[in-house]
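Take a walk through this model. Start with confidence, go on to the pockets, and finish with the aromatic rings.

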Amino acid sequence: MGGIRIASLLLIAGFVWSQATHGAEAAGTTVFTLRNNCTHTIWPATLSGNTAAAVGGGGFELSPNATVSFPAPAGWSGRLWARTGCVAPPATAGAPSRLTCATGDCSGAASCTLGGSPPVTLAEFTLGGADGKDFYDVSLVDGYNVGIGVAATGARVNYSTCGYAGCVGDVNALCPPELQMAASGAVAVAAGGDGATASPAPAPTPATTTTVACRSACEAFGTAEYCCTGAHGGPKTCGPTKYSRLFKAACPAAYSYAYDDPTSTFTCGAGAQYLITFCPGHQ
C-alpha cells in the first residue's frame, strides 16, 4: 500500500517540518500544514496544476486531531481536498495502491493524479503569482463534503491583508434534500429552485440517510443559471442563488459560485506558510 505508507512517513515528517517552519521562512520555502479537526479520519489529497510535483505524495491518511506538514516548490499551483469514507481494496501484486472513497474519490487511486469527484470542497493555491504574491481560496463551486479553513501564518505575514479563507459552519447539516448525497452515494430527489428537478437517482433508504456531501446546484440541476454558462456566462449575468447563499452562510470566506470573487480570493506576500484545517468549525 504505497499511498497508505506515505501517511506514516508524513506523520513523522510533520513534526520535523513543524520544527523547521522558521527555517523554511528564511529560505523562502512554503510549507503547508494540514490539521484534521474532524471527528473522523480523512484522506487528504493534492493535485498539482502546473508542475509534476505531487506535494504531500498526492494523498495520505490523516487521523482525527493529527497534523502533517510538507513543503511546496516555488511557483507551485494546485488544489487540496479531503476524501472521506475511504476503503482500501485487497492489494494486487505489482499494481498501484487503490483507495475507494465515499467523497472526493480520485478514480480510486491512493495517490491522486486526477481531481476529486464532486461534490468536494477545494483549497486552491497559486504560489508566487502576480507581483510575487500568493493567491489562495476555498471553493464550493464543485459542492461541499468537508469544511476547510486556510490561514496564512509566519513571521512575514501581514494579517491585515492575508485573510482567512473558508468555512465556519457545516454545509452538510444545512443541505436541502435536493442537493444531499447520502452515505451510499444516493441523492435525494426533490423539486429544485425555479422549478428545476434534480437529476434522477435512487432515493436514500432509511438505513443510509446520513448526508456525507452537498452537491452544487449546477451538478444537481445542470441549468445555465446555476452553472454560469450560456446567457449566464459572465459576472454581470450570473449572480448568487438561494443555494449559493446557503453555502455562503456556512463558508462566508469561500467561493459559493463561479463569480463570487470579491469576498473569496485572498492574496499574501511571499514567505507565508499556510495552515489548512479540515472541519474548522469544530474548534
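What follows covers confidence, pockets and aromatic pairs in that order.

This is a predicted model: local features need pLDDT of at least 70, side-chain atom pairs count only at pLDDT 80 or more, and totals for chains, interfaces and linings use all residues. Residues are numbered from 1 along each chain as its sequence is written, and side-chain values use heavy atoms, with hydrogens and water left out.

Begin with pLDDT, the predictor's confidence in each residue, from 0 to 100. The chain averages 82, and 79% of the residues score at least 70. Residues 1–23 stay under 50. The model gives them 36 contacts (heavy atoms within 4.5 Å) beyond four places in sequence. Residues 185–202 are also below 50, with 45 contacts beyond near neighbours in sequence.

Now the pockets. A pocket here is an open set of points on a 1 Å grid over the protein atoms alone, where a 1.4 Å probe fits, with protein on both sides within 12 Å along at least five of seven lines; lining residues have an atom within 4 Å of a point. Volume is the space filled by probe spheres set on the points. The largest pocket has a volume of about 240 Å³. Its lining has 16 residues, and H40, N145, D170, N172 and C279 lie nearest its centre. Five lining residues are nonpolar, ten polar and one charged. In this scheme Ala, Val, Leu, Ile, Met, Phe, Trp, Tyr, Cys and Pro are nonpolar, Asp, Glu, Lys and Arg are charged, and the others, Gly among them, are polar.

The second largest pocket has a volume of about 200 Å³. It is lined by 19 residues, with A217, C218, Y226, S256 and Y257 nearest its centre. Helices are DSSP runs (H or I, at least four residues), as are strands (E, at least two), numbered from the N terminus. The elements giving two or more residues to this lining are α4 (217–221), α5 (224–227) and α6 (242–250). The lining of the second largest pocket divides into 13 nonpolar, five polar and one charged.

Last, the rings. The structure holds twelve aromatic pairs. Rings of Phe, Tyr and Trp (its six-membered ring) pair if their centres lie within 6.5 Å; planes under 30 degrees apart are stacked, over 60 edge-to-face, the rest tilted. F60 and F70 are edge-to-face, 6.0 Å centre to centre with 80° between the planes. F60 sits in the loop between β2 (43–48) and β3 (67–72), and F70 in strand β3, ten residues apart. F70 is buried at 3%. F125 and Y136 are stacked, 6.2 Å centre to centre with 20° between the planes. Ring pairs link F32, F60, F70, W76, F125, Y136, F266 and Y274 into a cluster.

Definitions and conventions: Buried < 20%, exposed > 50% of the residue type's maximum accessible area, 1.4 Å probe, protein only.
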